[in-house]
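Please brief me on this model. Keep it short and group the points by topic.

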Amino acid sequence: MTVWAPTDDGHAPLWSHDSFTQGAPHHTFARLRREDPMAWSDYPAGQGFWNVTRHADILALNRDTATLSSAHGIRMEDQTGEEVLARRTFQETDPPEHTHTRLLVAKAFSKPMVALFEDQIRTLCDQILDAALAEREFDAVQRIARELPMRMLGRIIGTPDDDLPWLVEKGDALIANTDAEFTSHVLDQADTDAYRLMPFRSPAGAELYDYASRLMAAKRAAGDTQGVLHLITQPDAQGRVISDTEFRNFFCLLVAAGNDTTRYSIAAALHAFVHRPALLQQLREGSPALWDTAPDEFIRWASPAMYFRRTALRRFELHGKTVEPGDKVLLWFVSGNRDETAFDQPFEVNLARQPNRHLSFGQGGPHVCLGMWLARLEVRVLLQALCQRVTRLEATGPHEWLRSNFVGGIKRLPVRVTLA
Ligand code: HEM
């Protein structure tokens, strides 16, 4: 069962991945937004943290890099300085350093550059749907939602298609490092100390490091200067070149971040079609202008990147609470996206929602998702192709959620399709 609306007065512990195995604990977030919008959480595994749950506060704090830093870790787990340095990408840096590195690759991810992929994406979608729909009954996450981001990843980083299932499996092991279905080293249950200098404290990080080094050596030997992996190794405006470790971490970031989040956005849309068949009909029969707004609405609804963490650089007050330098502050995008003061009927999917000031991509801050134009395009083109070919999706069994309080999504969605 999905929580379509918060029904009771929840007190789910937000540090626990188990609080998210039925979807995000929206009743808890709704209560926090209402009663305690700057709530403190004790954290059995380390230093406690603040929870920012209102849309307006998240937006304001995300912008304020003089107050909140990304350079001390972006997840709730504590990290030593050594661990942060070993595992960091430009995502764990602050302006102006962050700006210089980001500029190297920003153009490649811009809306006009990404738009050039549209025809390729459409062809991929046709192939994916040809294969899946031929079966009529299947797991829609495995057969549809997972496929497109994976195949696009290959085009972004320039890897052979044959390597992609392995890469995505490893990317899953990183992002879903709290779900036993995806990793042998469940973060909060196994001893991961041997991997503390690897991305996500995961053994998969070590394997991806090796792959990234080999890929880059092969590209250099072939004189290949195409693509984002080449761009990120160029000197920035200050003449600084990222280290080999930062390069490998960037590779891991793309493999992990570019994949699961888009997959879970597509999965959320498919799940919505199952439980609200009228949405599918609306897209099939409604105005083509719906396609300008629907992808963002599904991405708001999905909120796959549920929070990102910052660390306070100075003392400040919010809603009567005093935050001290060094305190961890979690910006709960998933809560901001259901804030009743920012969205009319936030618990409904409104395909024509406009404006839609959702926070799924970390809007407002300097780290706003680099891949957002690509993600929007993938979601739109895939759903357009699906809507042309399918009139109905029905559940053939229960769906299952990822066990994670960081990345949220439906990992299994058994369906039967009715073809147009
Ligand atoms: C619906 C899909 C996606 C969602 C919801 C999403 C979400 C996010 C969020 C919330 C951030 C901000 C992190 C922060 O504030 O610290 C972010 C950053 C980032 N995303 Fe995405 N993402 C998606 C797809 C993608 C794709 C497809 C790619 C690449 C192929 C990508 C690459 C990145 C990178 C590199 C950053 C770091 C940017 C920086 O620090 O300046 N993302 N993403």
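Gln345 sits in the loop between helix 15 and helix 16. Helices (H or I, at least four residues) and strands (E, at least two) are DSSP runs, numbered from the N terminus. Gln345 has a positive phi of about 45°, although it is not a glycine. Gln345 counts as exposed because it has 10 other C-beta atoms within 10 Å. The cut-offs are 20 or more other C-beta atoms within 10 Å for buried, 12 or fewer for exposed, and partly exposed in between, with C-beta atoms placed from the backbone.

This is a predicted model: local features need pLDDT of at least 70, side-chain atom pairs count only at pLDDT 80 or more, and totals for chains, interfaces and linings use all residues. Residues are numbered from 1 along each chain as its sequence is written.

**Other backbone features**
- Ser303 also has a positive phi, about 40°, and is not a glycine. Ser303 lies in the loop between helix 14 (290-302) and strand 5. Ser303 is buried, with 26 C-beta neighbours inside 10 Å.
- Gln354 and Pro355 are joined by a cis peptide bond, with omega about -5°. Pro355 belongs to the loop between helix 15 and helix 16.
- Pro95 and Pro96 are also joined by a cis peptide bond, with omega about 5°. Pro96 falls in the loop between helix 3 (81-87) and helix 4 (97-106).

**Ligand shell**
- The ligand is surrounded by 28 residues, and the closest are Gly258, Thr261, Gly362, Cys369 and Gly371. A residue is near a molecule if its C-beta atom, placed from the backbone, lies within 6 Å of it.
- Helix 12 (244-275) and helix 16 (372-389) are the elements that give two or more residues to this shell. Helix 12 gives the most, with 7 residues.
- By class, the shell has 16 nonpolar, 11 polar and 1 charged residues. Ala, Val, Leu, Ile, Met, Phe, Trp, Tyr, Cys and Pro count as nonpolar, Asp, Glu, Lys and Arg as charged, and the others, Gly among them, as polar.

- An open sheet of 5 strands runs in the order 1-2-8-5-3, with mixed pairing. Two strands pair if DSSP finds at least two bridges between them.
- The edge strands, each pairing on one side only, are strand 1 (38-43) and strand 3 (68-69).
- Strand 1 pairs with strand 2 (residues 46-52) in the antiparallel sense over 5 bridges. Tyr43 has Gly46 of strand 2 as its bridge partner.
- Strand 5 (residues 307-312) pairs with strand 3 in the antiparallel sense over 2 bridges. Leu68 stands opposite Ala312 of strand 5.
- Strand 5 and strand 8 are antiparallel too, over 5 bridges. Arg309 has Leu330 of strand 8 as its bridge partner.

**Helix 1**
- Its buried residues are His26, Thr28, Phe29, Ala30, Leu32 and Arg33 of helix 1 (residues 26-35).
- These buried residues pack against strand 1, strand 2, strand 8 and helix 15 (333-336). Contact requires C-beta atoms, placed from the backbone, within 7 Å.

**Arg412**
- Arg412 lies in strand 11 (residues 410-412). Arg412 is partly exposed, with 16 other C-beta atoms within 10 Å.
- The C-alpha atoms of Arg412 and His399 are separated by 5.3 Å, though 13 residues apart along the chain.
- Leaving aside neighbours within four places in sequence, Arg412 contacts Asp139, Val141, His399 and Glu400.

Key. Two residues are in contact if their C-beta atoms, placed from the backbone, lie within 7 Å.
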